[in-house]
Amino acid sequence: MFAQRLDKIAPFRVMEVLARAGELEAAGHEVVHLEVGEPDFSTAAPIVEAGRVALADGKTKYTAATGIIPLREKIAAHYAELGVEVCPERIIITSGASGGLTLLSALLLNPGDEILITDPGYPCNEVFAQLVGGVPRPMIVTANNGFQPKVTDIRDAWTARTKGVLLASPANPTGTMLHSSDLQEIAGYVANQDGFFVLDEIYQGLVRGEVYRTGLSISQELFILNSFSKYFGMTGWRLGWIVVPEQAIEYVTRLAQNLFICPSTPAQYAALSAFDLDSMQIHEERAREFDARCERLYEGLLALGFQIPVRPNGAFYLYVDVSHTGLTSTEFCQRLLDEYFVAVTPGEDFGANENDRYVRFAYTTSMASIDLALDRLAQALQAW
Ligand SMILES: Cc1ncc(COP(=O)(O)O)c(C=O)c1O
C-alpha cells in the first residue's frame, strides 16, 4: 500500500539515541545531552513577547504565500548590514529551512536529475531530492579539505544528468565552512554548466573568526537556504527563508501557494522582533556562549586523546574521531549512553563515508553539563 520511496528513507539514529536517553532518564539517571541539534536556550524574550502580542491581536489567519512584506524587508535589511544588497521580493519566507528545501527541490529537480550533496552531510537532504524523483549523489568530503568539497570534487562528480549542487556552510555534522575561494570557484563552475548552487546557511551567525557572513557576498547566483531555527533560537516556531534569483520568484510563489499556503502567521509576526537590537544582543551573547563551550569541549576531548581533525568555525558541533577507543562509532555511542549516560550521535546518521570512525558532539548544553560529560568520558576511557 505504501510508496516504494519509503524503503530508501533511513530512520535517524539520533532519534533512537533520544528514545534510549528518555528511558534512562525515566529510570532515574541524569543523562547529558550532546546529541541534540538545536540550541538549549529558549527563544529570546522579545520575540516571545511579539508572538504573544500577535496572537492577542488576532494574527492567526493566512498570510501571503511568500510571507509578510515587513519580515521580507527586515531580512533584506539584515543582508544590507552584512554588506549585500538583496531586494525583499527575492526573499521567500518558508516553514523552516525544511520548507525551503521542499520548495527548492520542487523548483530545481526533474525526475532523474542528479543533485550533488556531501557525505558526511545533513541526512534529510537526500529525502527532499528523492521526494520529487531527484537522485542525490553524495560526494565524499574528508578532513583533508575541512570536510568541504573543492571545485575538482564537483567537476569529478558532475555527469550529464547532474543539475546542481547543495552545500552547507557552516555544515552539519562537521561545523566547517566552505572556503570563500572554493565557493567562488564552485559557483563559477556550476554557472558554466548551467546548473544551480544551493547554499545552506542555516548556521549563519553561529560562526567564529574572520569568515564571510553570507555566500551572497561572493556570488549573487546562489539559491540561499536559511532559518530562524538556530542563531535565532526558534526551532519549534518552524520559520525560515530562501533567497532566489529574480527569475525564480514567480515559480517559487506558485509552489509555496500550493504546497504550504503560507508559513506560520504568528511565527512571522514574532520574527519581526528577531532583528531588533535587544533580540540581537541576546543572540550574540548566545553565539559567544557557544564559542566558549566549543573551546571547552574541544580542549577537553583532545586532552582525553580524541582526534578532532578539523577545528570547526561554525554551528555547534564537533565531529570527533573515536577510533582510538577500539569501538565503532555506533558501539561507542551505545556504550557511552548505556554505561555513562552521555548521549552523542554516531557518524552513521550523516552518511557512509568513514561513518564508523566519527561521532557528532553537539555543544547545545550548559558548560556544567559539558564538564560532567568530560568527566564521564574520562571514566569510560579508563574502564574500557
Ligand atoms: C544543515 C541543516 N539544514 C537544514 C536543517 C533544517 O532546519 P529547520 O527546518 O529547523 O530550519 C537543519 C536542521 O538541523 C540542518 O542542520
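1. Domain layout. The domain assignment of the protein gives domain 1 as 4-42 + 278-383 and domain 2 as 45-274; such bounds come from an automatic or database domain assignment. The C-alpha centres of domain 1 and domain 2 lie 25 Å apart.

2. Basis of the note. This is a predicted model, in which local features need pLDDT of at least 70 and side-chain atom pairs count only at pLDDT 80 or more, while totals for chains, interfaces and linings use all residues. Residues are numbered from 1 along each chain as its sequence is written.

3. The contact between the domains. Domain 1 contributes 33 residues to the contact and domain 2 contributes 35 residues; two residues are in contact if their C-beta atoms, placed from the backbone, lie within 7 Å. On the side of domain 1 that touches domain 2, helix H10 (277-303) and strand S9 (317-321) each supply at least two residues. Helices (H or I, at least four residues) and strands (E, at least two) are DSSP runs, numbered from the N terminus. H10 gives the largest share of this side of domain 1, seven residues. By class, the side of domain 1 that touches domain 2 holds 16 nonpolar, nine polar and eight charged residues. Here Ala, Val, Leu, Ile, Met, Phe, Trp, Tyr, Cys and Pro count as nonpolar, Asp, Glu, Lys and Arg as charged, and the others, Gly among them, as polar.

4. Strand S5 and its partners. Six of the seven residues of strand S5 (residues 162-168) are buried. A residue is buried if 20 or more other C-beta atoms lie within 10 Å of its own, exposed if 12 or fewer, and partly exposed in between, with C-beta atoms placed from the backbone. S5 pairs in the parallel sense with strand S3 (residues 114-119) over three bridges, and leucine 116 stands opposite valine 165 in S5. Two strands pair if DSSP finds at least two bridges between them. S5 also pairs in the parallel sense with strand S6 (residues 196-200), over five bridges, and alanine 168 stands opposite aspartate 200 in S6. From S5 the chain crosses through helix H7 (residues 180-192) to S6 in a right-handed β-α-β crossover; right-handed applies if, with the strands pointing away from the viewer, the path from the first strand over the helix to the second runs clockwise.

5. Strand S7. What is the bridge partner of aspartate 200 in S7? The partner is leucine 225, and S6 and S7 pair in the parallel sense over three bridges. With strand S8 (residues 240-243), S7 pairs in the antiparallel sense over four bridges; asparagine 226 has tryptophan 241 as its bridge partner in S8. In a regular strand the side chains alternate between the two faces of the sheet. In S7 (residues 223-227), Phe223, Leu225 and Ser227 point one way, Ile224 and Asn226 point the other way, and all are buried.

6. The nonpolar core. The largest nonpolar core has 105 residues, of which Phe197, Ile242, Val342 and Phe361 touch the most other members. Such a core is a set of buried Ala, Val, Leu, Ile, Met, Phe, Trp, Tyr and Cys residues joined through C-beta atoms within 7 Å. The largest nonpolar core draws at least three residues from each of domain 1 and domain 2. Not counting residues up to four places away in sequence, phenylalanine 197 touches residues including Gly164, Val165, Ile186 and Phe223.

7. The three-stranded sheet. An open sheet has the order S9-S12-S11, with antiparallel pairing. S9 and strand S11 (345-346) stand at the edges with a single partner strand each, so one side of each is left without a neighbour in the sheet. Two bridges join S11 to strand S12 (residues 358-362), and threonine 345 stands opposite arginine 360 in S12.

8. Backbone points to inspect. Where does proline 170 lie? Proline 170 is in the loop between S5 and H7, and a cis peptide bond with omega of about -5° joins serine 169 to proline 170. Proline 173 is found in the loop between S5 and H7; a cis peptide bond with omega of about 20° joins asparagine 172 to proline 173. Arginine 238, in the loop between S7 and S8, has a positive phi near 60°. Glutamate 354, in the loop between S11 and S12, has a positive phi near 50°. With 16 C-beta neighbours inside 10 Å, glutamate 354 counts as partly exposed.
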